[in-house]
Amino acid sequence: MKWLAQIDRWFGTLFCLALLAAIATIAYWLRSRPEPHYSDSFASGGTAEWHAYGGSWDSFEGAIRNNSDERGAKLITGSSEWSDYEIEAELLLLGPNGDAGVIVRSSDEEEGVDAYSGYYVGLRDRNNTMVIGRADHGWLEYQAVSVKDSIHAFHWYHLKVIAVGCVVAASAFDPETRQETIVAMRENDCARTGRIGLRSYSSGGLWKNVRAHPASPADISALVARAQVTDSPERMQTETGFNSLLPYSGKGVGPTDSSSNSPAMDIHTPPLSSLRFVSDIHPFPVTVRGSVILTAPVLYIEDSSGGVAVESHGSAVKIGDELQVTGVVDARPGGVMLRNTILRLLWSRGPAPPLSVTASQAVTGAFDGMLVEIEGRLMAKRRVQGQSVVLDLQSGHQAFRAILEGARQDLMFDRLRPNSLLRLRGVCVADPAFTENLTSFALLLRSSEDIGIAAGPPWWDTRHLVEGAFALMILVVVAVFVYFRAEHWKMSAVVEERSRMAREIHDTLAQSFAGIALQLESALHGPRPDIESAPVTMALSMARQSRREAHRSIAALRTLHTDQTLENMLYKVLRPQVAESHVELSVTSKGTPERLSGEAESQVLRIAQEAVANATQHALATRIAVHLVFDNRMLILEIEDDGRGFEVSTAPGSEEGHFGITGMRERAASMKADLTIQSSRDGTRVLLDVPIPSRRMQLWKLAPPWTRRLGQPLRSWRSH
Amino acid sequence: MILSLDQRLHGQGRAEVRILSKPGLAFWLSVGRFARCLGFASVLCLIMGGCRSQNSRTIAVIPGTTATEFWEAAHGGAEAAGRNVGFRIYWNAPTREDDVERQIGLVERVIDSDYAGLVVAPTNYLALVGSVRQALSRHIPTVVIRSSLPIPPGQGLSYILNDDQETGRLAATRIGTLLSGKGQVAVLGLDPSGPRSVLRARAIEAELTKSFPRVSVIERRSGSSYTAEVQEIAQEILMDNPALDAIVTLDVTATEGTWAALTALGKGKRVKLIGCEQEVDLMAGIRHGDIDSVIVENTYEMGFRAIQSIAARLRGESVPDQIELKPVLVTKANIDSDEVQKMLSVNWRVSH
């Protein structure tokens, strides 16, 4: 029936598991889902709740700006459990040939053009359309609706996106023309929950008054009623469908002016590095080209030869824009600046990758005005007038600083810990306005995304060392406790077994010997004179001897106890043997007491018992001295008496029915000990040399001495 | 008597074992608890392993960029093949065609994430060598698509390439036919960082020399990742060579820039434009006669066969070391054919 019980147990376990799973499932479904709610914090400069995937994001006049041409740059916030909601934002494109918009129900985000799962609604100034589609690490465009009066860069639009159920709809409203454009889509196997986000493709963008709140079916119905809902992206995903839906405008890509009186495009321009050698005695205007690598606090452009600062007069350019700049060269010791400039936006390109250099290379000035990547260890950080963050860094023997102005500094500042190894991307400048002549160069960072933590601070700081030591201490305490606990279990078992054996011996053998002895005494002193007395006397003697042996065994078994030293145990065992005589017994110990195994201690006790029995019964000793010496992994037991002694070589052996000395030798051999018996008329000396196993010693010595005190409560507890 | 007692005592080792189990009821209970904890931890590990094994049933495809439609057909091919062979597809790429660093980062992430296989279209001939070799050393089956790397195939690596020689031959034949065997041609879009454009340019010149010796290549210019920059170069070529009859562009950006230059200078009808590599926008140019033709690469088949190849390799089957796919010359005459439309599709969710 054992198997039935086992089956019952299994069913019981399964039932409990099923119950737990059911409770967990119900709890999951009944838990309060987060309400989609977001209220713009850009106005107050707060951006910490947003996570950037590409781009160069910063707070700008109460709005959030992606000042980069990076394709598919995203800024995400909210909960992945937000379900049906509406998001509104004011949106402005920062350049031509791109798009910008809003993401809803986003999840699984990473850097990449369409590297997220969700829905995107955007305004595309490349072909003047409002688009809606599904992104899932790939783009499926459901609708591209032409916008009346075109989409213009640097023009605000009001964008509203509603996602309810599997329908996503959006409207774009132009406050100037009062024109509204609506797009809508429906997906069968749709993404039902996700975060909100801002995204731009190539154009960069500016968003403000971003708000999200729950939406109802009525909200989306009102919008969908004014639009055609597209159920499938298939038409837009074929060449025929795509080209038949969009009006053909030929190819008109070309330079775009950013100033009303911009000069003509100049194909042949000098490299930027050559501006260092322009004389400022007779300043004359030069025209150069370069890619924007920094817009604030100073506009910097670079080409493959070098970089220069440009007096920008607040021109709306963004990182990655290719500019043609005409201006007067101001070659200063801290770098070159073009003043009195006229800017011409040639085209928008993606942000240039930085050059990876060391601090030692950067101090030479060869990379002045260029976008570089440098590693350095953070020595200190501070905020300056709440406007910028200054990081003091060290790389080898070179010290430098990194300056981040405005751009989402709240996000990074708290995360940066001194002694971290940072990988920084920024424009290398030697301008004393930034270095304050304290360092050879400074890095002007574009955004908080330019700060990468290559490695945290070393783990061996003071706090970690203290924590480690504390943890180690706890581990040692636990280890010691476990060790004592295991020892306790083991010794409890041994003690209990020995007690049981002692009871058995007492109740069987000892009682039997007592009975036999009683019967033999009766026979010897009884009324039958025909009984030969010698054998009976012999049998009586042997029965008494056996009874004493049995009692000694009982005493030995009951005495063995882990708490007691061997000296105490010897005294407890031997004392009863001499109790009824006038023998003087002394037990002494020398050296640091050490424990033997339970088996070995038992053997030592039995050998001592035998020696003392021989001394009292046969040698008629009046004084017995037992000495214990612990010395150099050896236990020496010496038992001396002042009895009459005996001839060791002729002592009767087991073949003659005497097992005492033979037994002592066998016990000594079982624990690899040496037994020596010396006897003369003046007494007998028994010497036992017992090796103490090193294993036990080492294990015990592993624990610091103070830990031995930890066993005290355990011993007290066990004694109860 | 003593001996017998000794014998009994001597047997206490066995008794000890037996007795230990008695006071150790709590011990065994605690052992049981430990075993249950171990079991629970094992179940957790299995669950976590199951999560991790999602990647082990996913093949990563890292094209040159996801910012253009060029690779969307490959995406469709990979998804279709993935469904057939029971693998998920992870699809991501740099936001720029020349962002080698980002592509290396993506490949390294794939290597560290226990994916079943890797398909990569290298943006640079040399830069990806280390990463691909690392993938191979981790026994990740790898297929390099479109253009080769200086690593011999085998040991987990195979190539599915575009036949760039054929691309060059198709372009040369088209030019020779259009110009009736006589004229001046410029080649724009050479990229010294990889062999692809050089191979195409050489094939064009070789074929022209062989079949149309009176057609001469008078300009060979490098391109750029930026349309407007190429437009300037093309305008310069056009202004410097007023008798130019045709321009062959070796990549999408070069074609777009040259198209814009021809439009800007009003030379669209006079100078024939033959492009290499497809983009949906360019097809509109063919339809309206601004572009004569575009030589289209079969990227759908690249994606499809790459996934099939990895699945076969994982099954222990042998796969060809290298496959070269033939490009197709798309003109107004054949643009609506099923074959061309399939190669131009960007609907990566629909199986073909």
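Which residues have the most contacts inside the largest nonpolar core? They are A:Val427, A:Leu443, B:Ile59, B:Val107, B:Val119 and B:Ile307, in a core of 151 residues. Please keep in mind that this is a predicted model, where local features need pLDDT of at least 70, side-chain atom pairs count only at pLDDT 80 or more, and totals for chains, interfaces and linings use all residues. Residues are numbered from 1 along each chain as its sequence is written, with chains lettered from A and ligands numbered from 1 in the order in which they are written.

**Nonpolar cores**
- A nonpolar core is a set of buried Ala, Val, Leu, Ile, Met, Phe, Trp, Tyr and Cys residues joined through C-beta atoms within 7 Å.
- Leaving out neighbours within four places in sequence, B:Val107 is in contact (C-beta atoms, placed from the backbone, within 7 Å) with B:Ile62, B:Leu118, B:Val120, B:Leu128, B:Ser131 and B:Ala135.
- A second, separate core has 64 residues, including A:Trp57, A:Met130, A:Tyr142 and A:Val210.

**Helix H12 of chain B**
- Helices (H or I, at least four residues) and strands (E, at least two) are DSSP runs, numbered from the N terminus.
- H12(B) covers residues 299–314, and B:Gly316, with a positive phi near 90°, follows this helix.
- Because 13 of its 16 residues are buried, H12(B) is largely enclosed by the rest of the structure.
- Buried means 20 or more other C-beta atoms within 10 Å of a residue's own, exposed means 12 or fewer, and partly exposed lies in between, with C-beta atoms placed from the backbone.

**Around B:Val328**
- B:Val328 sits in strand E12 (residues 328–330) of chain B.
- With 19 other C-beta atoms within 10 Å, B:Val328 is partly exposed.
- Not counting residues up to four places away in sequence, B:Val328 touches B:Val296, B:Glu339, B:Val340 and B:Met343.

How values were computed: Expected span 1.5 Å × (residues − 1). Contact = placed C-beta atoms within 7 Å.
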